[in-house]
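Subject: Structure handover

Hello,

Here is the structure for you to look over. My notes follow below it.

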Amino acid sequence: MRLPFKNNSSLLTLILCLHFLLVSGQKKIPQIKLEKGQTSTEFIEAKIDSIIAVLTLEEKVALTHAQSKFSAKGVARLGIPEVWMSDGPHGVREEISWDAWSEAGWTNDAITAFPALTCLAASFNPKLSRDYGFSLGEEARYREKDILLGPGVNIYRTPMNGRNFEYLGEDPFLASTMVVPYIKGVQENGVAACVKHFALNNQEHWRDKINVEVSDRALYEIYLPAFKAAVQKGNVWSLMGAYNKFRGQYTTHHKILNKILKNDWGFDGVVISDWGSGHSTKEAALYGLDIEMGTGTDGLGTGADNHYEYYYLAKPFLKAIKNGELSEDLVDDKVRRILRLIYRTSLNSNRALGKLNTKEHHEVARKVATDGIVLLKNEDNFFPVKDKKGLKIAVIGENATRDMTRGGGSSQLKPLFEISPLEGLKTRYKNAAIIHTMGYESGASAYDKTLPATLNQDSLYVKAIEVAKKADVVLFIGGLNKSYHQDSEGDDREVFALPYGQEKLLNGINEVNKNVGFLLVTGNAVAMPWISKTKGILQTWYLGSMAGHAIADIVSGDANPSGKLPFSFPKKLTDNAAHSFGEVSYPGDGVNQYYKEDILVGYRWFDTKEIAPQFAFGYGLSYSDFKISNIKIDQKKYRINDKIKVTLDVSNIGSRPGSEVVQVYIGKHKSKVKRALKELKGFSKVYLDKGDKKNTTITIDVSQLAYYNTKISDWSVEKGTYYLYVGNASNNIVKKIKFVLF
Ligand code: GLC
């Protein structure tokens, strides 16, 4: 098309004039001063008001979607910085390319890999959770990230979920208690935590399309509490939606984001989509999504000046506001939340500088690991294994050397180092002889496929038997790994049993050596038909950079195991609640999925259906022995606003210092609604020297006994008789006390 100009120079002059008018027409942020008596929060809100007033509509919309793989725009004109994000829940992910999932290839982004969150949950140690969050937040700050995309708190509903290793187990009270200090620790660094994935993302299979149908009771009593605690107690600054649907609507822009999260709970932070989980401009605009990420994950659009402009909350959103289809108030609320996050992070002049790979961080990682490892079986005091001259220790299994920080999906890491179990054991055992052989090989893993094993499995087997035959002690280090269809994002496990021929290998080893200890490296429960083939079993999780040292600490007895299972181990898969109702319950029919077990998730199911698990929620042994006694509650009758004060003595009657986790469960007797037999309502981890006794108090608000009353769409506390159960595992109750609510 020919323009009506004599020549290019006059066109250029016109463009420059227009540009000048445009820019000069855009207002600057008016200088405002902190007024007398104004709090810093009020001052920031006033600043935000003043900024919104001078932003153009284009600038507002630009804030609400990605500009690259892991960043969103700021407002350069006004000196408002971009928002930079990074995975993940147990370490800061390596730098990713601007427009692609490939690593950016930096040489200064190696970090500390902390234990995965199942291990943190197993520690039952909220104080340690704060140290974990703080150390991780320091590393995110140092890597100049404004949002750390974690923690994940999706409830453990099935042992087949590929991502359970990233989460905090099957119980909403444990997850709620452990997630709050983690978030506070991260955010002390001026980095936003991002609690995820809201909500009902309890499997990876069909995650991007499955529609979850679940009752309001299970939603409010099981699946939402950890998110609610993150918001109301952790004051989390951001939250990530999920891929799946709930009652037919995508959870990333779902009416419960406005109703429950922002209105009922008062969440004042930013809702971020999962990568590619946004599906509609109108829904995203209306139902609470504030920053859309990862929709066009290649970022390199074709035929457009920038693929990011085609995001749902980009040009289509701008157009819909301009033509009056959508109100500008919608973008203003999103912008307000985003600016509030920016003021809490990159514009927070008090925030620290951050630290990376410090000794302290390594010590925290080691402490969480040793505190979270669970001793499941210890026949003939198999563990600890003494480091004595002449002792021959066979270390067999691929997981003795396989790195576990790579793979697993978005939570994968590039650690500065990762001490393998073999390396840790070799460093610790100076006198005993350690003979290692691989035993089995799983094949390398890639994000969406597993590559075949390359070595001859038979010769690995033969070699393993040979080594086992000559050894005094066998440490079998196996389990799962971060390969696809194992403990990994993107899809679920396909079998409940141990993979890669481990059971056959264990049987073979047991033929030639009865002195076998199994170190299970998994983030999930597995079938254990081989349990009689082992004298000792340690659940060792994915432990990150200090894995080998922590494992050696426990195996050698330098540290006394004190972890407790954050989820139940069923004897067989069909004992698990989600697997008791056929495919419609798990994994669904490809379109819909029905959580038919309702509120009876995990031990709630085993208790109420009287099914004996292989190992119970809250279970874990020690190298010492403890006694819980003198258990009392302060009243026999309570009112709704009372607190129940449980006092008890914990004694270390064993031969060495250690910690016990006292657990308090409560159940309603003859309730008028369906209830689990009992639910965890309090716990305390008590450290005791040998011979020590400590009096411990656990206080429980009566309001915590409420159930979600669907008749009034609110919580109700039922009067009448309750039982309070005290023990050191959900299936090991020392005392049951009756009380009444009136
Ligand atoms: C992934 C994950 C999410 C992660 C995000 C960015 O799909 O579901 O947890 O933070 O994308 O990598």
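The buried residues of α16 are covered by elements including β12, α15 (457-470), β16 (473-479) and β17 (516-521). Cover here rests on contact, meaning heavy atoms within 4.5 Å. Helix α16 itself runs over residues 502-512. Its buried residues are Gln502, Leu505, Leu506, Gly508, Ile509 and Asn510. Buried means under 20% relative accessible area, exposed over 50%, and partly exposed in between (1.4 Å probe, protein chains only). Helices (H or I, at least four residues) and strands (E, at least two) are DSSP runs, numbered from the N terminus.

A word on the source. This is a predicted model, in which local features need pLDDT of at least 70 and side-chain atom pairs count only at pLDDT 80 or more, while totals for chains, interfaces and linings use all residues. Residues are numbered from 1 along each chain as its sequence is written, and side-chain values use heavy atoms, with hydrogens and water left out.

Now the whole chain. The protein chain holds 18 helices and 29 strands. Its C-alpha trace spans about 95 × 70 × 50 Å along the principal axes. The radius of gyration is 27 Å, which agrees with the value near 27 Å for a compact globule of 742 residues. That radius is taken over C-alpha atoms, and the globule rule is 2.2 Å times the number of residues to the power 0.38. Of the 742 residues, 62% are buried. Among contacts with a separation of 6 or more, 75% join residues 24 or more positions apart.

The accessible surface comes to about 28,500 Å². Carbon and sulfur atoms own 53% of that surface. Areas come from the Shrake-Rupley method with a 1.4 Å probe; for residues, only the protein chains shown count as cover.

Domains next. The chain divides into domain 1 (83-327), domain 2 (373-563), domain 3 (568-620) and domain 4 (624-741). These bounds come from an automatic or database domain assignment. The C-alpha centres of domain 1 and domain 2 lie 32 Å apart. Their contact takes 34 residues from domain 1 and 33 residues from domain 2.

Then the backbone. Most residues other than glycine have a negative phi, and most peptide bonds are trans. Which residues go against that here?

- Gly150 to Pro151 is a cis peptide bond, with omega near 10°. Pro151 sits in the loop between β4 (147-148) and α6 (172-187).
- Phe383 and Pro384 are joined by a cis peptide bond, with omega about -5°. Pro384 is in the loop between β11 (374-378) and β12 (392-396).
- Phe124 is not a glycine, yet its phi is positive, about 45°. Its place is the loop between α4 (117-122) and α5 (126-142). Phe124 counts as buried because its relative accessibility is 1%.
- Asn357 is not a glycine either, and its phi is positive at about 55°. It lies in the loop between α12 (328-344) and α13 (359-372). With a relative accessible area of 17%, Asn357 is buried.

Leaving aside neighbours within four places in sequence, its contacts include Gly241, Ala242, Leu257, Val271, Ser273 and Asp274. Tyr287 and Leu289 are also among them. Thr252 and Ala284 are 32 residues apart in sequence, and 7.7 Å separates their C-alpha atoms.

Best wishes
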